[in-house]
Every structure is written in structure tokens, then in C-alpha cells.
Amino acid sequence: MENTIHYLPPWQLKGEGFIIPFLANKKEIIENGFLSEDDKKTYKGGLGACMIVNYESSNVGPYFELLFIPGDFEHTDSSNKIKLYKRITKIYVSSELSIQEGRLNWAIPKEYADFTWETKQKTTFINVLSKDKKNILSTSLKRKFFPFPVTTKIYPVTLLQKSDSSQMIQTQFSGYGKGYISNINNWTSDENFFIDIKRNSRFYFGLAVNEFNITFPIPEMIS
């Protein structure tokens with residue numbers, strides 16, 4: 001039975017995770033980045049990111065998340081002003097409630113997956129499986145060196161997602177935490193389900209974030 005209680009924004013989420021910023025190989029991303037035909041027409045490349053997060057608390061309880069942002073997309077508003085936005089084109093979470101509410105609140109196209117997450121010393125081993133137990137992603141990442149502050153104030157991120165009713169929904173989320181440079185020791189993905197970061201980007205690096213705090217605000221509908 002569908003949940004009749006909705007968890008409206010803003011949301012406050014806390015946990016730990018990994019951010020993998022990359023410089024997009026535009027041609028490869030257009031072919032393999034889960035872009036719709038409309039997305040392909042407005043995609044500009046630039047800086048994208050993969051994120052793998054263990055949300056230890058949120059408005060809908062704890063869950064895991066894997067997402068892909070290909071880079072910049074161009075949007076022309078009703079006054080013919082052109083702006084660049086980020087967009088999530090592929091995202092998996094381990095919570096059906098997060099799927100329902102993420103789509104409802106911000107038009108984020110969440111899908112379900114099973115996650116295993118294990119940390120031994122400074123290395124975290126992550127496996128993500130589809131509902132029918134096919135491998136989406138296997139990776140291991142090791143944090144190193146000393147911590148430093150991480151905040152979206154340095155690099156603000158504004159998402160522009162299209163709802164099922166074709167309404168454009170703008171969301172500028174904010175976050176902060178304690179960061180570490182991270183080695184990507186292994187990255188094995190099925191490109192039917194998720195991006196192969198090694199093949200589809202020109203440059204990438206890992207960033208581990210502990211004591212992760214993020215706010216997803218009330219979105220703005222734009223024309």
C-alpha cells in the first residue's frame with residue numbers, strides 16, 4: 001500500500017560518504033550517461049560527480065545512496081535567459097520511502113538497490129546490487145592524509161530536474177563535513193546500470209567525507 005504520509009522538505013540528512021568529482025568526456029557521457037533525448041540536446045559537459053552515501057539519519061530514516069551527475073545542462077527560461085544547472089540522471093537508494101518522497105519533493109528519479117557497506121581500518125568496501133541481484137557497482141576506497149573542511153559554499157550546486165508532469169524543479173542543496181583525499185582502489189560497474197567512471201571521464205579523484213550534513217530545501221518551480 002502506498003504511503004499516505006508525505007515527508008515534505010526541507011530535509012536534514014547526516015552520515016558519511018564519498019564524492020568522486022570528474023571532468024566529463026562529453027562524447028562518452030552522451031552515449032553512456034543515462035541522458036534523455038532532451039538532456040542530450042542541452043548537455044554541456046564540464047565538472048560532474050558520482051556520490052556514494054551512507055545516510056545514518058534523514059527525514060525518512062537511514063538509507064544508502066549511489067548517484068551520478070554528468071555535469072552541466074543548459075536551460076533557457078521564459079525571459080530567454082540561459083543558465084547552467086546540474087542534473088541527477090541515475091540514482092539508487094536502499095529505501096522505498098526515499099524513492100517515493102524524492103520523486104515527489106524534488107523530481108529526483110530514484111530507483112531501488114541493495115547495498116553492502118563495510119569499513120576496515122581506512123578502507124571502505126561497497127557493493128550495490130539491483131533488485132534481481134545483478135551487480136551495479138563494486139568499489140573500494142581508502143581515505144588518506146589529514147582531514148580538511150568541505151562545504152558547498154565553495155562550489156554551490158543547483159539541480160534542475162524534470163517532474164513527471166514536465167515541470168522544471170530547481171533545488172540548491174547545501175552541505176558540509178570533514179573531508180579526506182581518497183584512493184579509488186577498485187571500480188567495477190555494469191554500464192547498463194551505472195557509469196564506468198574510469199572510461200567516461202578525463203580526470204577524476206576520490207574525496208571521503210565524514211560527519212556529513214546536508215540540507216535539501218523546498219524546491220522552486222521554474223519555467
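This is a predicted model: local features need pLDDT of at least 70, side-chain atom pairs count only at pLDDT 80 or more; totals for chains, interfaces and linings use all residues.
Where does Ser95 lie? It lies in the loop between strand E7, residues 90-93, and helix H3. Leaving out residues up to four places away in sequence, Ser95 touches Tyr63 and Tyr112.

H3 covers residues 96-106, and its buried residues are Ser98, Ile99, Gln100, Glu101, Gly102, Asn105 and Trp106. For anyone new to helices, an α-helix has 3.6 residues a turn, so residues three or four places apart point the same way. Look at the buried positions again with that in mind; Ser98 and Gly102 are among them, and so are Glu101 and Asn105. After H3 comes Ala107, which has a positive phi, near 60 degrees.

Most residues other than glycine have a negative phi, and most peptide bonds are trans. Phe145 is not a glycine, yet its phi is positive, about 65 degrees. It sits in strand E11, residues 135-151. Is Phe145 buried or exposed? Phe145 counts as exposed, because its relative accessibility is 59% and the exposed class begins over 50%.

The other one is Glu211, again not a glycine, with a positive phi of about 50 degrees. Glu211 belongs to strand E15, residues 206-216. With 55% relative accessibility, Glu211 also counts as exposed.

As for peptide bonds, the one from Pro9 to Pro10 is cis, and its omega is near 5 degrees. Pro10 is in the segment before strand E1, which runs over 11-24.

You will find Gly179 in strand E13, residues 168-189. What does Gly179 touch, not counting residues up to four places away in sequence? The list is Phe146, Pro147, Phe148, Val150, Ala208 and Val209. From Gly179 to Thr89 the C-alpha distance is 25 Å, and the two are 90 residues apart in sequence.

Last, the whole protein. It has four helices and 16 strands. Its radius of gyration is 17 Å, close to the 17 Å that the globule rule gives for 223 residues, so the protein is as compact as a globular protein of that length. Along the principal axes, the C-alpha atoms fill a box of roughly 55 × 40 × 40 Å.

Of the 223 residues, 51% are buried. The accessible surface comes to about 11,300 Å², and carbon and sulfur atoms account for 53% of it. If we take contacts between residues at least 6 apart in sequence, 68% of them join residues at least 24 apart. On charge, there are 27 positive and 24 negative ones, and their mean positions are 6 Å apart.

Note on methods:
Residues are numbered from 1 along each chain as its sequence is written. Side-chain values use heavy atoms; hydrogens and water are left out. Buried means under 20% relative accessible area, exposed over 50%, partly exposed in between (1.4 Å probe, protein chains only). Helices (H or I, at least four residues) and strands (E, at least two) are DSSP runs, numbered from the N terminus. The radius of gyration is taken over C-alpha atoms; the globule rule is 2.2 Å times the number of residues to the power 0.38. Contact means heavy atoms within 4.5 Å. Accessible areas come from the Shrake-Rupley method with a 1.4 Å probe; for residues, only the protein chains shown count as cover. Lys and Arg count as positive and Asp and Glu as negative; His and the chain ends are not counted. The place of a charge is taken as NZ of Lys, CZ of Arg, CG of Asp or CD of Glu.
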